Amino acid sequence: MGKLTDLQIRDWIKRGERFDTRGDGDGLYLRFRPVDSVPAWIFRYRFDGKARKMNLGSYKTMSLADARKTAKEMRARVALGYDPAGEKQERKREAVRKIEEAKLQMTMGQLADEYFAAMILGRWKHPNIVRARIENDIKPNIGKLAVADVKPQHIDAMLQTIVKRGAPTMANDVLRWVKRMFDYAIKRQMVTFNPATAFSLIDAGGKEASRERWLTRPELVKLFEAMRTAKGWNILNTYAVKLLLMLACRRDELITAPVAEFDLDAAVWHLPAERTKTGKAIDIPLPRQAVAILRELVRIGGGSAWLFPARKMQERMVPHIDLNTVGAALAKNIRPVLKKQGVTEFTVHDLRRTARSHLSALGVSPYVAERCLNHAVKGVESIYNRHDFFEERKAALQAWADVLDQCERGGAEVIELKPAKKGAAN
C-alpha cells in the first residue's frame, strides 16, 4: 500500500472501518482498532537489534503532515543512537518519581487540610472546633514545614507557645490532633515516624481540672465598663458576650447560629438537635434585652444568613466568625484592663458558669437553672419533657437579663453567691 492520504483516513473513520495498522512508510503507521475512539499514530523502528514502537498521538490531535514530521525526527534520533521509546518511558518514570517526592514534600498545613477533609468534615458534629485548632495553632507554628521535616522539637516549641499565651487546654487539644494527623500520614506512607508520639498531656497543658471561675456582680460591672472603653474592642464582641451571659448558651451554639433559628417576634431561639452538645433540640426563651441585641445583629449583618457573619474573607471559607474570635479579643483587649482592677483571669467558657451561679442566687430552682443551660435533668426530664420548664426558664432568664442591665448601668449590689458545682457549665 502506498502512502496514506487524509481523504482515505477520513473515509475510514466515516465508514467505521477498523484495522490493526496501515503503513505510511519509513516506520509510520496508523492504527484504528475496535477499542479505539479515533485512529492513532504508531512509530516502529529497530534499536540494538530489537523491534521497538512508540505512540505518537491520535489523528484527532496530530495531522498526517505532523505525524510524518514527528516520525522523521524520531528516525533521525534512532540514526544517532538514541532510543525514543526508551526515553519516553524514562520520562514517565521521572514524572512518577517527582509525584512521589511531592508527597514527601507535603507541608504540615496541607496535611492538616487533607486530614480535616478526609477524617473530620462530615463525620464530626462540630468540625469547626478542629478547623480552629488547625488555623489558629497548627498552621502558624508548623504549617510551612514539610511533613517529613517535622521533628519532636518543633512539636515541643508549638505546645510551649500555646501554653505561654495562657491556653493550656488548647495545647492539649492541639497535641491530640497532631498525633492523629501524623498517624494518618503514616498510614498513607507519607512518613514512617510520628514526632508527637513521645509527648503526653504533661508536656502540653497538663491535667485539665474542672474550672470554678465565675464573675460576681462587681466584676460584671467592671466587665461592662471595660467593654465600653477598651481600645480595639468592638460592638459585635460586646453583643456576643452579652448574649452568652444572658442566654447561658454554649459559645459554639451562638457563634455558628444562622439567623433563621431565631423567631424574634415570638422571642424564641429554636436550637436544633444537630447543633447541641446533648443532641436534643431545645427552644430557648429570649429576654427582651436579647431580642433587641439580636435585631441589631440582623441589621448589622445586612442580609447575611448568619448571626455573626465572617468579618473578612479567609482561606478556610467559614461563613461565620471564628469560634475563638471573641475569646481572643477578650484576652487581648479586655483582660489587661480588668487585671489592673484586680479582676482575675476568666475565659468565654466561664460565662455559662457565671450565669448558672447568678440564677441560683436569684432563687431559680436547680431543675430550671439546669434546663437554662440545656443540661439533662435526671429523674424529672421524662415527666416534664412536654413543656420543658419553658415558662419557668423564660421568667428566670428575664430576671437574669435584668440583673445584667443593672450591672451595665453600674448598679453593683454585692451579694454573697455560692459558685456552681464543678462541671455545671459544660
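This is a predicted model: local features need pLDDT of at least 70, side-chain atom pairs count only at pLDDT 80 or more; totals for chains, interfaces and linings use all residues.
Trainee: How many salt bridges does the structure hold?
Mentor: There are 27 salt bridges, each being a side-chain nitrogen of Lys or Arg within 4 Å of a carboxyl oxygen of Asp or Glu.

Trainee: Which residue does Arg15 form a salt bridge with?
Mentor: Its partner is Asp11, and the closest N and O atoms are 2.8 Å apart. Both residues belong to helix α1 (residues 6-15), four residues apart, about one turn of the helix. Helices here are DSSP runs of H or I with at least four residues, and strands are runs of E with at least two, numbered from the N terminus.

Trainee: Turning to Arg251 and Asp252, are they buried or exposed?
Mentor: Arg251 and Asp252 are both buried, meaning under 20% relative accessible area, whereas exposed is over 50% and partly exposed lies in between (1.4 Å probe, protein chains only). Their side chains meet in a salt bridge at 2.8 Å, N to O.

Trainee: What about Asp265 and Arg295?
Mentor: Their side chains form a salt bridge at 3.3 Å, N to O. Asp265 sits in the loop between β5 (262-263) and β6 (268-271) and Arg295 in helix α11 (residues 288-301), so the pair ties together parts that are 30 residues apart in sequence. Asp265 is exposed, with a relative accessible area of 71%.

Technical notes: Residues are numbered from 1 along each chain as its sequence is written. Side-chain values use heavy atoms; hydrogens and water are left out.
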